[in-house]
Amino acid sequence: MVLNKNLVYLFIFYLFICKFNVVKSACESTAASWRPTVASSASPTSPAISTSQPALDFNLNANNLRYMAHWGESDTSIVNGPDTTGFTITYTNYGPDSHMLFYLDSAPALKANTNYQLSFGFKLGQTLGSNNNQYSSITLHFYDPKDVDPVHDTSAYFYAGDHTPLFSKVITGNFGSTSYVQFTTTITPTVDIGQSFMALQIQRTTSTGVGPTSIIFNNLKFTIPAKTITTPTLLTKDSELVVLPKAPSALDAQDLITCPYLSSDLKHWHDPATWGGVVPSPSSSIVLPANTKVLVSPCSISQTDIYTKITIPASSELVFFDADMTMNVKDIYVQGRLTMGSSKCRYNGKINLVFYGEKTTADTIATYFGSKGIAVADTGFISVQGKQYHNTWTKLAATAWSGDNTIYVQDSVNWEVGQEVLITTSIPEDEVFDQNEVKVIQAIQGKVIQFTTSLKYYHYGGQEYQSQVALLSRRIVFQGDVASSETNSFGGHVIVSGEGQFSGLRLNKMGQKNIKGRYPLHFHLAETVSNSYISDCSVTNSYYRCYTIHGTNNLTVTRNVAFNAMGHCYYLEDGVEMDNTLSYNLGAFVHTIYQSAAGYTQYGQDFEESDLLRQPADVSAGVFYITNAWNTIIGNSASGGWAGFAFPNLPAPIGNHRSVAMVPSQYPTKVFEGNSASSSGMAWEFGGSIYVGGQLSYGSNDLLQYSSGRNSRETFLNGDEDSTEVWMRFNNTKVFLSNRGLDHWGERVEVVTLESHDCHRPATLFGEAWFSNAIVNGQSGNILSKSTRYNRQGFQFYDTLVQTIVTNINFRNFIALSNPANNEEDNKVFISMTHSDIFKPQGISATRNISFTNVATAQRIGHKVDTTGSSRYFNFIDSDGTATGRTATTIVGSHDTWWNFDSSCSYNTYWACYVCNKGTKEIANLDVIVPNLIDGEEYDTSIEVGKVALFGSGITDERKTAITNNVGITGISDMGWYLYFTNGQPASMDVHMKQVPFGHYVFLAIRYPAGTTFSVSTYYTYYPPSSATKTFTQATSAAAVRSGDGSKYYFDGTHLFVKVVNFRLEGVADEYFTRGGATLNDVYWGMYLYIRATNTANPPVNGFFKNLSDVRPASTL
């Protein structure tokens, strides 16, 4: 049959016309006044909360079990089959007498004295021959993750005898049949079991013999039985001490007569007249007519075709109607206005924009705006505002256990049946063991929410802290298409260079990994905005960030939620972003890109920009990434991430603002109030949930470089180094389940009102630091945090050249371990850095008003005895005696008798410290520099070169400590310090008075041969005033030197006596650091004492007087 070509063309044209007539005819009218039915704001009716909870099965098979044994493991040790519900275990020749099957997920949390069930069928793969033994038992074990991690351990080696399980149950019976024998066993733990790994141990009477054998399981499952739901005791507040502010409870006021779709000057998309005669094809590049407002209704557009590009000119507006609809689109460019609701008319329709496009760096939207998304030019305005759900997130009001399908929350919510809800993790290592759960609401009544499926994991809701519960669903959704988005981590994006308002919007599978500027929701170079905000939105499953503020000031980002994102989430990009408000937001489960920054020292690791890591700081991805601290950050919560809140140091702005003359890292916090962070800081020994550190800058190759570790910051008023020094301030902060709660590499910081629970340490503070008004709780009621994998330390004092004051702290629940590695790792409250001989503490640490709850006296201090200078000179001042339990101001000094300076001192064997009444004494520090012996260089391998011992003041025994080739001696002021060098006494010595407080001194004695003459003087290296530069004269006695003004010396033929006084000091306020009623003396640089010794009868050899006996000066001096 031959078809007429013209007839074919006519038929195709007919189909084309019919297609668009279908669209047109679906809409009832093109009249300007016509509108479709408006979406209802009503929520679906919730069924009643069920009072019964179904059983929860954990089905075990070859896909989620790992074979581990003493030996004999192979790729075929465990495989699925032969039936659909079973798996087979095969043993090679001479296999071990037992092996383990580990469940490759965290086991459910189990309540003590509660019945659970293990059931399975078991049979032999073949009849056992004479060389193969019998199977004697199967034991269910629960192991602490510190003993085994089958998920991440690279080796399959495991010997059960090496580890003691938390709980075990032995199952016996007939294991000798080649037909299935069914086993059902009740498991009743005698203790609560928190985070653990579940394992089955299959035991034989001996090792296997010659030839492979196999066993088969079917329907292996662990069951949490069904139960009747009873209402638990509910929390009435979320914190004991801190105040975590919440978003206002009132919903936004609505005025529906102002709804954008009611405007009388709108033209319908489906009206050919709007377009000059023909409705444009989805495949065309559509440009709205100039000076036109176009209304999109569900019937106006194809719900299945993909629109290539829509451009809204500067004089035009595209208005979406408030009704359910889906638009599939590649690009939308807004030069005018795009409206999908307003602040007074928040839409109830389920509007879904799906963005399509394969991965590309081409600018298909417009120049600099990329592809696959919405771009709003600087002339444009966008308003996307869906139904308001409040609160967008809350917290548990009671603990939820594995198997529970009902939770209780603290705040009223207007969430709906069928919506998705996130319950955040209650373990420290969020990235290692993902226990965040997303559930669907089955029923909701007030503050009670019931899910369609039960919880797998335990989520803590005790008084100390609570897992967050967040609504992920919204009625308006922007999302990347599934196929191309997931394959290449290339979702859609929204970029706004004008004004924009977003509320009630979910952005799912958005962001384009490692492509700068392509983030889910991004204010880009909008400068100072006046009519913009992001409120009560959610970002989920993002490929690159969450909410970005870039070159934009005065933006409000409030009441939002983010979950499961790659790279920094709430992201302030270049360092110039200031005066923005981030309030009442939640972020959770944020992942690093490329790798997680770690390293073995304080300095972390260095990374460089590359195609795999476009922003190198993403190796330490934080939930909140704040490149400039001068912003208001209030009431936010961060769960997970390398850090919860990251404050990197930028010595200059980056990106589009490289030429801006400012130092972002010099700005202090504007407001940091009522924020919380948890389950983070675990990737690196020095990581913290709130992390002020790292440095981001350009290298000589013009690529961004990131150093993840210790990089200090100076902070000044208005960020101006010529202005007043100011402190970064963190108020009303809660940290929990963290490595270090707040980790601050900076010169000045105040942490006031803090709760820390289940953290390795509550804070690590550098520079001039004040930590005050806090609860530091070593162990909460959260059973997941009770693993001995992590020890607790109440506070670690730094080891040199800082000033740390700790006041008004209640330490709780620091419980001794059964077998600690050393004293400081035994869950002690106060410890110090003791690893170095180079870095030695001065008088730099003080406490006041310290209290203890459920802390044994032995746990108050954990000094680690070592040969290092930082160990020998460990000290702190207990300003009121509350830390040590004395009624007087107290000095705590290390294990050496050097600190036993008077009769008030006693040695505490639990603390390995001397404890003394301070009286009028202070801590003093001298750097003694001796040419060719102690030259001021830093030596990792220290050599003991002498000693310093107390003398005078009635001391008759030797109370000393070692001197090494690294400079620095710290001890008690107003005392005699006798220096003796093992291989000779120096002819030349400089004494740097780094800390000899005003009104105090060190009475120095040094051994010299008879007939020695001396030149003694002081000198100040910075603009020396006459009062600081003195040439000493000889006194008539040692006693006269000690009682004098510090300008004389005396030599009695055996010892040179010098009174070391810092003449540069005046006793003024800037010579002290005072906070909370405690005071520390400043370390003062540049004041030196010079000693030059000459003896013609017994001259020095290579600068040292040799063969002088060790004679301590008289005790009567």
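## Cys259 and Cys345

A disulfide joins Cys259 to Cys345, with an S to S distance of 1.9 Å. The model is predicted. This link is right-handed, with 95° about the S-S bond. The pair connects distant parts of the chain, 86 residues apart. Cys259 sits in the loop between β13 (227-228) and β14 (266-268). Cys345 sits in the loop between β20 (337-340) and β21 (351-355).

Both ends are buried. Cys259 has 3% relative accessibility and counts as buried. Cys345 has 1% and also counts as buried.

## Cys27 and Cys299

The sulfur atoms of Cys27 and Cys299 are 1.8 Å apart and form a disulfide. The link is right-handed, at 110° about the S-S bond. Here too, distant parts of the chain are linked, 272 residues apart. Cys27 lies in the loop between α1 (5-26) and β1 (52-53). Cys299 lies in the loop between β16 (293-296) and β17 (306-312).

Cys27 is buried, at 5% relative accessibility. Cys299 is buried at 15%, because the cut-off for buried is under 20%.

## Cys546 and Cys569

Cys546 and Cys569 form a disulfide with sulfur atoms 2.1 Å apart. The torsion about their S-S bond is about -105°, so this disulfide is left-handed. The two cysteines are 23 residues apart. Each is buried: Cys546 at 0% relative accessibility, Cys569 at 0%.

## Overall pattern

The whole structure holds four disulfides. With the bonded cysteines numbered in sequence order, the pairing is 1-3, 2-4, 5-6, 7-8.

Cys913 is in no disulfide. The nearest cysteine sulfur, that of Cys916, is 10 Å away. Cys913 is buried, at 0% relative accessibility.

Note on methods
Residues numbered from 1 in each chain as written. Predicted model: local features only at pLDDT ≥ 70, side-chain atom pairs only at ≥ 80, totals over all residues. Heavy atoms only, no water. Disulfide = S-S within 2.5 Å. Helix = DSSP H or I, 4+ residues; strand = E, 2+ residues; numbered from the N terminus. Buried < 20%, exposed > 50% of the residue type's maximum accessible area, 1.4 Å probe, protein only.
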